[in-house]
Amino acid sequence: MSKVYNETGLVLQAGNFTIVKKAGVKGDLIPKHNHPEANVTFTVVKGKVKAFINESTEYILTPGDILHFDGDNYINAEFLEESEAFVHLILK
């Protein structure tokens, strides 16, 4: 079976992984949080996002950039323009 997903929020949860689609406009924030149970990828597909790991390491992400980190670390982010990103959580 196949299906096309296009909504924001929780997109798919199956087996050992979860996919979440984030979308926002300039100034929107993703609050500081972590996912200690998972390895994480944060992939920007539209726009520009500033992401912080542990509030100390800053990344400016644009379409095609994939930020990978251990979910024990904390992430927070700010949308610098209208943007979309996918978060993949792969259980450890």
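Predicted model: local features only at pLDDT ≥ 70, side-chain atom pairs only at ≥ 80, totals over all residues.
Colleague: In what order do the strands of the 5-stranded open sheet lie?
Modeller: The sheet is open and has 5 strands, with antiparallel pairing. Its strand order is 1-2-9-4-7.

Colleague: Which strands stand at the edges of that sheet, and why is one side of each left without a neighbour?
Modeller: Each edge strand has a single partner strand, so one side of each is left without a neighbour in the sheet. From one strand to the next, the twist averages 15°. The edge strands are strand 1 (9-14) and strand 7 (66-70).

Colleague: Which residue in strand 2 stands opposite Ala14?
Modeller: Strands 1 and 2 run antiparallel and are joined by 5 bridges. Strand 1 covers 9-14, and strand 2 covers residues 17-24. The residue opposite Ala14 is Phe17.

Colleague: Is Lys21 buried or exposed?
Modeller: Lys21 belongs to strand 2 (residues 17-24). The cut-off for a buried residue is under 20% relative accessible area. Because its relative accessibility is 7%, Lys21 counts as buried.

Colleague: Which side chain is joined to that of Lys21 by a polar contact of 3.1 Å?
Modeller: With neighbours within four places in sequence set aside, Lys21 is in contact with Asn6, Glu7, Thr8, Gly9, Val11, Glu84, Ala85 and Phe86. The polar contact of 3.1 Å runs from the side chain of Lys21 to that of Asn6.

Colleague: Where is Thr41 placed, and is it buried or exposed?
Modeller: Thr41 lies in strand 4 (residues 38-46).

Colleague: What separates the C-alpha atoms of Thr41 and Gly71?
Modeller: Neighbours within four places in sequence aside, Thr41 is in contact with Ile66, Leu67, His68, Phe86, Val87 and His88. Along the chain, Thr41 and Gly71 are 30 residues apart. Their C-alpha atoms are separated by 9.3 Å.

Colleague: Which are the edge strands of the 4-stranded open sheet?
Modeller: The 4 strands are ordered 3-8-5-6, and their pairing is antiparallel. The twist averages 15° from one strand to the next. Pairing on one side only marks the edge strands, namely strand 3 (29-34) and strand 6.

Colleague: Which residue in strand 8 stands opposite Lys50?
Modeller: Strand 5 (residues 49-53) pairs with strand 8 (residues 74-79) over 5 bridges, in the antiparallel sense. Opposite Lys50 stands Glu78.

Colleague: What is the relative accessible area of Tyr59?
Modeller: Tyr59 is placed in strand 6 (residues 57-61). Its contacts, not counting residues up to four places away in sequence, are Val49, Lys50, Ala51, Ile53 and Leu67. Tyr59 is partly exposed, and its relative accessible area is 33%.

Colleague: How many Å apart in space are Tyr59 and Val20?
Modeller: The two residues are 39 residues apart in sequence. From C-alpha to C-alpha, the distance between Tyr59 and Val20 is 20 Å.

Colleague: Over the ring of which residue does the charged end of Lys32 sit?
Modeller: The distance from this charged end to the centre of the ring is 5.1 Å. A charge counts as sitting over a ring within 6 Å of the centre, provided that the angle to the ring normal is within 35 degrees. The ring under Lys32 belongs to Tyr74.

Colleague: How many aromatic pairs are found?
Modeller: The search covers the whole structure. The number of aromatic pairs found is 0.

Note on methods:
Residues numbered from 1 in each chain as written. Heavy atoms only, no water. Phe/Tyr/Trp six-rings, centres within 6.5 Å; stacked < 30°, edge-to-face > 60°. Helix = DSSP H or I, 4+ residues; strand = E, 2+ residues; numbered from the N terminus. Buried < 20%, exposed > 50% of the residue type's maximum accessible area, 1.4 Å probe, protein only. Polar contact = N/O pair within 3.5 Å; in protein donor to acceptor, adjacent residues only side chain to side chain. Contact = heavy atoms within 4.5 Å. Pairing = 2+ DSSP bridges. Axes fitted to C-alpha atoms, helices over the stretch in contact; angles between N-to-C directions.
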